Amino acid sequence: MRAHVAGDPAAFRALYEKYRDKVFATAFRILGDPDEAADLAQEVFVRIHGDLGRFRFQSAFSTWLFRVAVNHAINRANARERHGRIEEKIARTEGGTLRSPGGPGRRAFDEQVQRAVSGLSPKLRAVVALRYLEGLSYAEIAEVLEASIGTVKSRLFLAHETLRPELKVLEES
Amino acid sequence: MNCGQFQETVFDRIDGSLSSREIREGEDHLASCPSCRELLETIRHQERILTSAEVPPVPPGLWHRVEAGISPSRRNPAKWGWAAAAAAVLVAGLLFLRSGSAPEWEVVKITNGASETIAGFIPGFEEPETDHRLAGALIPPGRNR
């Protein structure tokens, strides 16, 4: 990373290769759309490239990267939802549970989980993504979000409460 | 331990980061509280689902998009625009000195819609392609007003 600060483009490419999956996955979990996640990942890496010279190495690079990605994703999700561009709604039966995935297919399962997560607020989606997709500890999530560990846990608790009816009918694959 | 205290420690309980005393107190509470037993099982179930669900792969070509975004001209358009404008002024000045002709083209600086002539230009010089990223542009006299 310091090599990039010194102006080595190959070092930035290596940084991109190392973190692209994480940035894209986090963006996808929060935004729920692969095209938007790709746009956001591009935006984040361009931003990181521009700001890397100012990075002071006082925290882990991954923490800073996740912070930029999550903040961008939350802002984008909030803006999109303010403008009412979310047309996809969670499909419910009259009983209030998700419809049958129509088979044990991997893709159907993944899509149902994403639909359920998309029903959360962007802030709750971010905590779910960092915890269950990226496997960060509560302390690491707190650092990324610049919040207390208690706030992280209470957001996660609220996310689980909200997801209860949506995930009740799913079995892990 | 009551239900509120159990809920506060439920994630640490799942992670196994509680003290042996806290674990024992929680187990005592669970033995008499079906609601907290259900809560614990629900969260464990959801965690298994959320950690096993996958996301789509990174689309091909993402690096090229990033690369395009960090190329020098995109990274600092104002700086490169001014460099292009400065080069245009220099060329205009040299050609003007050589020919001694009256200017038929001007180099103008456009800022927030307002324009300002910063050099004259001579006949016979081709008008460059319009590039709105540039801070300066070659425009016939009067057209920019």
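At 42% relative accessibility, Glu41(B) counts as partly exposed, a class that lies between buried (under 20% relative accessible area) and exposed (over 50%), with a 1.4 Å probe and protein chains only. The model is a predicted one, in which local features need pLDDT of at least 70 and side-chain atom pairs count only at pLDDT 80 or more, while totals for chains, interfaces and linings use all residues, and side-chain values rest on heavy atoms, with hydrogens and water left out. Residues are numbered from 1 along each chain as its sequence is written, and chains are lettered from A and ligands numbered from 1 in the order in which they are written.

The partner of Glu41(B) is Arg44(B), whose side chain meets that of Glu41(B) in a salt bridge of 3.3 Å, N to O; the term stands for a side-chain nitrogen of Lys or Arg within 4 Å of a carboxyl oxygen of Asp or Glu. Arg44(B) is likewise partly exposed, at 31% relative accessibility. Both residues belong to helix H4 (residues 34-52) of chain B, where they stand three residues apart, about one turn of the helix. Helices here are DSSP runs of H or I with at least four residues, and strands are runs of E with at least two, each numbered from the N terminus. An α-helix has 3.6 residues a turn, so residues three or four places apart point the same way.

Helix H4 of chain B also holds Ser52(B), which counts as buried at 18% relative accessibility. The side chain of Ser52(B) reaches the backbone oxygen of Ile49(B) at 3.1 Å. A polar contact is a pair of N or O atoms within 3.5 Å; within protein, one must be able to donate a hydrogen and the other to accept it, and residues adjacent in sequence count only if both atoms are side-chain atoms.

Turning to chain A, one finds eight helices and zero strands, and 45% of its 173 residues count as buried. Among contacts in chain A (heavy atoms within 4.5 Å) between residues at least 6 apart in sequence, 67% join residues at least 24 apart.

Over all chains, the whole structure contains 21 salt bridges.

How do the chains meet? In the interface, 39 residues of chain A are in contact with 31 residues of chain B. Chain A and chain B bury about 3,400 Å² between them, 66% of it on carbon and sulfur atoms; buried area here is the accessible area (1.4 Å probe) that two parts lose on being put together, summed over both. Across this interface there are 11 residue pairs in polar contact, both residues being at pLDDT 80 or more. On the side of chain A that touches chain B, the elements that give two or more residues are helix H2 (9-31), helix H3 (34-51), helix H5 (106-118), helix H6 (122-133) and helix H8 (149-167) of chain A. H2(A) gives the most to that side, with nine residues. The residues of the side of chain A that touches chain B divide into 21 nonpolar, four polar and 14 charged, where Ala, Val, Leu, Ile, Met, Phe, Trp, Tyr, Cys and Pro count as nonpolar, Asp, Glu, Lys and Arg as charged, and the others, Gly among them, as polar.

Five salt bridges are counted between chain A and chain B. The side chains of Arg65(B) and Asp39(A) meet in a salt bridge, at 2.4 Å from N to O.

Which residues of helix H5 (residues 62-70) of chain B are buried? They are Leu62(B), Trp63(B), Val66(B), Gly69(B) and Ile70(B). Because these residues cover an arc of only 120° around the axis, they are on the same side of H5(B); the arc is that of the directions from the helix axis to the C-beta atoms. Val66(B), in helix H5 of chain B, is buried with a relative accessible area of 0%. Leaving aside neighbours within four places in sequence, Val66(B) is in contact with Phe12(A), Tyr16(A), Gln42(A), Phe45(A) and Val46(A).
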